[in-house]
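Could you open the structure in your viewer and get ready to click along with me?

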2 protein chains.
Amino acid sequence: MAERNATLETAIETLTTQKKYPALRDVLVTMNPADIAAMFGDLEERTLPLLFRLLPKDIAAETFAELDPELQELLIRGFSDSELKEVVDELYVDDAVDLVEEMPANVVKRILKQADAETRKLINDILKYPEDSAGSIMTTEFIDLRPTMTVADAIKNIRRNGSDSETINTCYVTDEGKHLIGIVSIRAILLAEEDAVLNDIMEDNVISVSTLADQEEATAMISKYNFTVMPVVDQEDRLVGIITVDDAMDVMEDEATEDIEIMGGTTPVDTAYLRTSVFQFWRARIPWLMLLMIGATFTGMILDHYENALARLTVLTMFIPMLMDTGGNSGSQCSVTVIRALSLGDIEFSDILSVIWKEIRVAVLCGVSLAAVSFLKIMLIDRMLLGNDDISLLVALTVCVTMALVVLVAKLIGCTLPMLADKLGLDPAVMSSPFITTIVDALSLLIYFAIASSLLGT
Amino acid sequence: MAERNATLETAIETLTTQKKYPALRDVLVTMNPADIAAMFGDLEERTLPLLFRLLPKDIAAETFAELDPELQELLIRGFSDSELKEVVDELYVDDAVDLVEEMPANVVKRILKQADAETRKLINDILKYPEDSAGSIMTTEFIDLRPTMTVADAIKNIRRNGSDSETINTCYVTDEGKHLIGIVSIRAILLAEEDAVLNDIMEDNVISVSTLADQEEATAMISKYNFTVMPVVDQEDRLVGIITVDDAMDVMEDEATEDIEIMGGTTPVDTAYLRTSVFQFWRARIPWLMLLMIGATFTGMILDHYENALARLTVLTMFIPMLMDTGGNSGSQCSVTVIRALSLGDIEFSDILSVIWKEIRVAVLCGVSLAAVSFLKIMLIDRMLLGNDDISLLVALTVCVTMALVVLVAKLIGCTLPMLADKLGLDPAVMSSPFITTIVDALSLLIYFAIASSLLGT
């Protein structure tokens, strides 16, 4: 696949150099807009406007919508007003909105000036919805039918308006007040008799989402109900737009990326890796590192506090990394599982007691297994094989009891903090490995020294 | 939403107790199958078969496909042979395959016995494809047209076969040998003249996926090209099935969950949190904890080795957690970003040098910032404010130089290990926080003691 594209790119570059425009055009029209956009990203910037102008109008608009913002801006700056108008007219409203959101102010002004009055109004309406709301990602081109229409009327209407609509696979039935009262699939229309009335064949238990709902909620509903398109209604239940499944997939992917990055202790960056600047990465990462570094100094202070105990029984020091790491890992495991379950809707805050009870049992199983293995390892390898005589049975016991307790505490913290964060309206993903580890590290040491002092009297 | 469902569930439970079956049926048919399935999961098991039998045939099959495997098994065990046949006949082949994959052998035998000969053959064919391949998730119900058909013929064909097909939104044009030669959307058919020939209106630059391709690849293509359905072809380019976007969304969600769980250091569990047993969680988590615990003992051995140096200058101990944690966090940040970029296809192995160069620069920025802040913190807070006289300028310098170097090493390891894992055909997600942290911990200590010995002569 990648190989074929590379060859194609070489061919296109050669044709461009040789100025064989008709041949170039013939090659380009065989390609999917997504592939053309990807190829444009790899080409020299100065050939871009030239190649773009070779594309037929509809392919040009689709390709434009798929381009990275930098390339969109580059093209627009080279467009004449009439070229810009042509592209903006062909774009679906949701893509036009995305464009307006990404471009600098002076470019936005030109775009809005070239858009016709109705499109400009639609773009401005959508821009008013809160970021990440269902309203902000919807498009307004859908097929809108009346309940009294016959199937024949409906087909006529679809033939008339279908080419401007983002999808005709699902059509919407609204009353005079624009209220959404039914849904009818193109399948139902085609399979029905020509004189059947929409009112009789439409599905009237309509599932819709509010313009103000979170885009993640809208996406989850599309996935849950296996929809290819979801109607969006305003506060008065009037149909104002639709969200198509391809946009829902993009949201899903972005949200997963965001979760993963936050769980890794970094602010999400919404540009592709290779296009993200060093400074952007620094800005995304440094606040977390600073915060966590300060957190870790508390662990250092605990260690410092017990310096004398350690100095008296230095053998205890060598088990610190194992105990802290195991604690951190146990907590992380538990927190990622809980965070993902929260984000998939498998659990919610009211399940906290069953989650805690389950994690306690898992922690006991894990803690006992780990304690047993580390006991054997300490006695057989460290003491007998490596001949470390400082390790007494009591030292081994101290380590193992600490191990079991640390795992228990880590799992409890790992499962409760994300759920509490969620309850408080924070992103539970923040309560993942880095924070859990920092907290558990400090607690592990406290537990260790408490048990050491009661068992060994240090 | 949750509230509405709770009230509905109470109503349904009351109606069930009062044996008001006609009313129950009226309520159930207003619901979406996905919601019915979710509600069935919360109801008492003994009322399940009763409610299920109230559903009309098509809703029953769709609801059945959405149920958890345990409930599917429960229902099947209560079904008569003819009831089972009715459900199996209504299921789409991909759902039937999922069912057969989940059920125990004796139930599978019954299912296959009740399926008609053709369905049985289709199920068996799909079962032969490797797990996680495009073939294993496809379905075989699609609209298959000839290039010589007119639009009127095509509509007639769709009317005849449309009710059995999983989607009619995209139709496929094949030659006599079943080779896929074109794609025609229902929109193109409806917008064309009745006597137009498919050959002239179909899109003949067809993008398809091979049966043996990874399901993740198929899903990424559906997302990239904004498809609602993707044709699947065999090794001879014959059309054998389609993958619909709703299944692609499920795959995408499952793959993200899998990545997130592996990155958190736990084997993915494919059941919902509350349905996963304590033992399953233990089995998913304990191997990682054991492995990482053993890894951490090396860090312990390093600490043990430098015990004497530490005993001479105990103040060094208090900075160990801060240095190790910052190292681990720096490496984690970098590894999650790289892992996600790999899985989104933003970078590949050939980009390794630009990734390393970028991470070196980010590491220098982060390292210098952290070193500067920690230097100030150590000198101003620890030394002056808290009056710790053991902290000399050289000690502070040792910590800061170590800090900068640890961040650099951590970022290098955090970006290269996932890329190497990917190159070796392993899942890069494995090279995430837990492993990176364990490796970086040990290296941090080595760097710390090396610098301490050269600057402080310990």
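Predicted model: local features only at pLDDT ≥ 70, side-chain atom pairs only at ≥ 80, totals over all residues.

Residues are numbered from 1 along each chain as its sequence is written, chains are lettered from A and ligands numbered from 1 in the order in which they are written, and side-chain values use heavy atoms, with hydrogens and water left out.

**Stop 1**

Select residues 170–174 of chain A, which form strand S2. Helices (H or I, at least four residues) and strands (E, at least two) are DSSP runs, numbered from the N terminus. Five of the five residues in S2(A) are buried, where buried means under 20% relative accessible area, exposed over 50% and partly exposed in between (1.4 Å probe, protein chains only). On one side you will find A:Thr170, A:Tyr172 and A:Thr174, and on the other A:Cys171 and A:Val173.

**Stop 2: the partners of S2**

Two strands pair if DSSP finds at least two bridges between them. Look for A:Asp144, whose bridge partner in S2(A) is A:Tyr172.

Next, show strand S3, residues 180–185 of chain A, which pairs with S2(A) in the antiparallel sense over five bridges. Here A:Val173 has A:Gly182 as its bridge partner. Five residues lie between the strands of this hairpin, and A:Lys178 takes a positive phi near 70°.

**Stop 3: a lysine in helix H21**

Which helix holds A:Lys411? Select residues 393–423 of chain A: this is helix H21, and A:Lys411 is found there. A:Lys411 is buried yet has no salt bridge (a side-chain nitrogen of Lys or Arg within 4 Å of a carboxyl oxygen of Asp or Glu). The nearest side chain of opposite charge, A:Glu359, is 5.0 Å away. Show A:Ser330 too: its backbone oxygen lies 3.2 Å from a polar atom of the A:Lys411 side chain.

**Stop 4: a leucine in helix H8**

Finally, select A:Leu99 in helix H8, residues 93–102 of chain A. Is A:Leu99 buried or exposed? A:Leu99 is buried, with a relative accessible area of 3%. Leaving aside neighbours within four places in sequence, A:Leu99 is in contact (heavy atoms within 4.5 Å) with residues including A:Phe64, A:Ile76 and A:Ile111.

Definitions and conventions. Lys, Arg positive; Asp, Glu negative; His and termini not counted. Polar contact = N/O pair within 3.5 Å; in protein donor to acceptor, adjacent residues only side chain to side chain.
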